[in-house]
Structure formats: C-alpha cells, structure tokens
Amino acid sequence: MTVVSSSHTEQTHNASPAAGGLHKESAWRRRDRRWGYVFVAPQVIGMALFVLLPFAGSFILAFASWDGLTDLTWVGFDNFVSQLGDPLLIRSIINTLLIALITVPIGLAFSLIIAVALEKLKTRTLYLVLFFAPVVTSTVAVAMIWQQMLRADGVLSDVISKTFGISPPDWLGDPTLALISVCIVSIWASMGLNVIIFLAGLSNISASVIEAARIDGAGAFTLFWRIRMPLLSPIIFFSSVIAFISSLQTFDVVFVLTSQGGPDNATRTIVYHIYDLGFGRFEFGPSSAAAIILLVITLVITAIQFGAQKKFVHYEDGAE
C-alpha cells in the first residue's frame with residue numbers, strides 16, 4: 001500500500017506543472033482576447049452608431065410619415081408607392097445610371113492606359129503623386145475648382161474662346177453639358193486611385209507567363225490583349241464594382257458644381273433627391289423610402305456584376 005501511495009503521489013506531483021502550464025496558457029488567451037476586444041471596440045461602436053443604427057432608423061421611417069417635429073405616423077408602403085410614381089425620382093435614377101455608365105468605363109479605360117504608360121517609367125512616382133492628389137483632396141474643394149474653370153467667364157471657356165474664336169459653351173447652364181461636366185469631374189477625381197490599383201495588378205502578373213508568350217512569338221498588342229488583360233480581369237472587376245457603387249452615390253460634385261441638381265434637374269442624382277426630400281422638404285418618410293430604393297438598385301447592379309464575372313474574369317491559377 002505504501003508503494004502504491006508513493007507512486008500516486010509522484011504522478012500527482014509530476015502532473016501539477018502541466019496543469020499550471022495549461023492554466024497559464026488559458027489566462028494568456030483570455031488576456032489576449034480582452035485586448036482584441038479593446039482594439040476592435042472603436043470600429044464596432046462606430047459602425048453600430050453611424051451605420052447600423054441609422055440604417056435601422058431609415059428602414060423604420062420608410063414606412064412612416066414624419067417631419068422631425070410632429071408625431072410619427074405609420075403609412076405602410078405609401079412612401080414607396082408615391083416615390084416610384086414621382087417623376088423626380090425617376091429622373092434622378094436615370095441621371096445616376098447615366099453618370100455611372102459614362103464615368104465607370106471611361107474612367108477605368110483611361111486609368112488602365114495611364115497605368116500601362118507609367119509601368120516602366122522611372123519617374124512614375126512624381127506622376128502618381130500628381131494623379132493621386134485629387135483622391136486625397138476634399139471633393140468639395142475639387143468641385144469648387146472645376147466650377148471656377150467651367151463658368152461662362154472661367155479659364156476653360158476663355159481658352160476655347162481665344163483658341164477657336166467661338167463663343168464658349170455654357171457648361172453648367174446647358175442640361176446636357178451640365179451632366180457631362182459632372183462626369184468629367186468625377187472621372188478626374190477618381191482616376192488616381194484606379195491608376196495605382198492597376199499598377200499593382202500589372203506588377204503582380206507572373207513574369208514567366210509574359211516570357212513564355214514572348215518566346216511563342218506574341219507581339220506587344222497580342223501580349224497585352226491576350227495575356228495581360230485576362231490576367232488583369234480580377235482587378236478590373238474589383239475596380240468596376242467599387243466604381244459603380246461610388247457613382248451611384250454621387251452627391252458632393254452635384255451639390256457644389258451645379259445649383260439644386262443642375263438646370264432642369266439635369267444633374268439631379270438619387271442621393272441628391274434623398275437629401276432634398278429629407279433636409280430640404282423635411283419629408284423623412286419618402287426620403288428614407290428613396291434610400292431603400294437606392295439600396296435595392298445597388299444590390300441588383302452588384303449582383304449582375306458578380307453574375308457576369310464568370311464570363312470575363314480569369315485567374316492565373318485557373319480558379320474563378
């Protein structure tokens with residue numbers, strides 16, 4: 001019995017360090033987890049206060065009538081019915097889609113051309129800084145600068161008048177030209193970011209693939225169109241999704257560049273329509289309903305893009 005007891009005591013003694021080690025590891029994990037919560041908390045709290053809570057409030061107001069002062073009244077789907085029948089909302093949706101369809105393909109095309117031109121340039125850092133400057137500049141400041149340039153007596157009109165000897169166009173007064181002006185400013189302001197993204201994508205293309213294509217006799221055009229473009233398609237897809245979502249939210253440029261959505265509502269976008277209803281007319285119910293409609297439009301367009309990616313997006317490792 002004594003031997004058994006001694007053996008049992010020895011096993012218990014030998015097992016205690018392991019148990020202590022497990023206890024210390026568990027304590028370390030708990031401390032690490034607490035610090036993780038501390039670092040994540042600001043982002044989570046900010047998202048809850050400024051994203052999730054406003055979204056929930058907007059969703060509730062979409063089914064109610066409220067002007068911010070009187071009592072809230074439930075109206076069901078009346079706000080959606082009235083908005084879908086509102087010519088201003090329809091015009092806003094058309095203008096927004098036109099801006100997206102003009103700015104996204106043209107902006108991405110110019111960005112890709114510039115990225116290819118800067119790829120082998122030794123002094124490309126200077127050009128990247130110049131192209132990226134509008135991205136980090138306030139959109140309001142960018143729009144104000146362009147507004148001064150596009151005025152009837154602005155720099156651009158003065159150059160056209162002196163160079164061609166003709167009367168300059170009314171960039172911000174003509175409905176068609178006003179929408180084109182918004183597109184030009186939007187393309188110019190976002191081009192720098194897309195150039196950097198495309199440069200990163202071009203640098204990640206495997207050199208062995210390019211070398212193999214050159215050995216097979218591929219020329220510069222074939223190499224770009226048949227090899228580099230397909231391998232760059234994931235980057236193009238990513239940029240197109242981000243650009244479409246951003247263009248559907250166009251507001252700052254319209255608000256500063258034109259007056260109340262431009263001449264004859266030519267530049268009235270859906271986000272400006274939401275702003276006008278909510279903070280111009282204090283019709284928060286219809287404004288929230290229009291915001292939900294914008295969300296649905298964004299989800300539908302994004303879903304179409306993700307569905308279409310299987311036909312034109314190619315990956316170097318063969319995964320799609």
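**Figure 1. F282 comes after helix α11 and has a positive phi.** The phi of F282 is near 55°. Most residues other than glycine have a negative phi, and most peptide bonds are trans. Helices here are DSSP runs of H or I with at least four residues, strands are E runs of at least two, and both are numbered from the N terminus. This is a predicted model in which local features need pLDDT of at least 70 and side-chain atom pairs count only at pLDDT 80 or more, while totals for chains, interfaces and linings use all residues. Residues are numbered from 1 along each chain as its sequence is written, and side-chain values use heavy atoms, with hydrogens and water left out.

**Figure 2. Helix α11 is mostly covered.** Eight of its eleven residues are buried, meaning under 20% relative accessible area; exposed means over 50%, and partly exposed lies in between (1.4 Å probe, protein chains only). The buried residues of α11 are I270, V271, Y272, H273, I274, D276, L277 and G278. The cover over them includes α2 (78–84), α3, α9, α10 and α12.

**Figure 3. S92 in helix α3.** S92 has 0% relative accessibility, so it counts as buried. Contact means heavy atoms within 4.5 Å. Leaving aside neighbours within four places in sequence, S92 is in contact with R268, T269, I270 and H273. R151 is 59 residues from S92 in sequence, and their C-alpha atoms are 24 Å apart in space.

**Figure 4. S287 in helix α12.** S287 counts as buried because its relative accessibility is 8%. Not counting residues up to four places away in sequence, S287 touches I274, L277 and G278.

**Figure 5. D264 and N265 in the loop between α10 and α11.** D264 is not a glycine, yet its phi is positive, about 55°. N265 also has a positive phi, near 55°, and is a residue other than glycine. D264 counts as exposed, at 58% relative accessibility. N265 counts as partly exposed, at 24%.

**Figure 6. The largest nonpolar core has 56 residues.** Such a core is a set of buried Ala, Val, Leu, Ile, Met, Phe, Trp, Tyr and Cys residues joined through side-chain atoms within 4.5 Å. F80, V195, F198, L257 and I270 have the most contacts inside this core. Elements giving two or more residues to the core include α3 (87–119), α7 (175–203), α11 (270–280) and α12 (284–312). Helix α7 gives the most, with eleven residues. V195 touches S111, I114, A115, L118 and L128, not counting residues up to four places away in sequence.

**Figure 7. The whole chain has twelve helices and two strands.** From the N terminus on, the elements run α-β-β-α-α-α-α-α-α-α-α-α-α-α. The radius of gyration is 29 Å, well over the 20 Å that the globule rule gives for 320 residues, so the chain is more spread out than a compact globule. That radius is taken over C-alpha atoms, and the rule is 2.2 Å times the number of residues to the power 0.38. The C-alpha trace spans about 115 × 75 × 35 Å along its principal axes. Buried residues make up 34% of the 320 residues. Among contacts between residues at least 6 apart in sequence, 66% join residues at least 24 apart.
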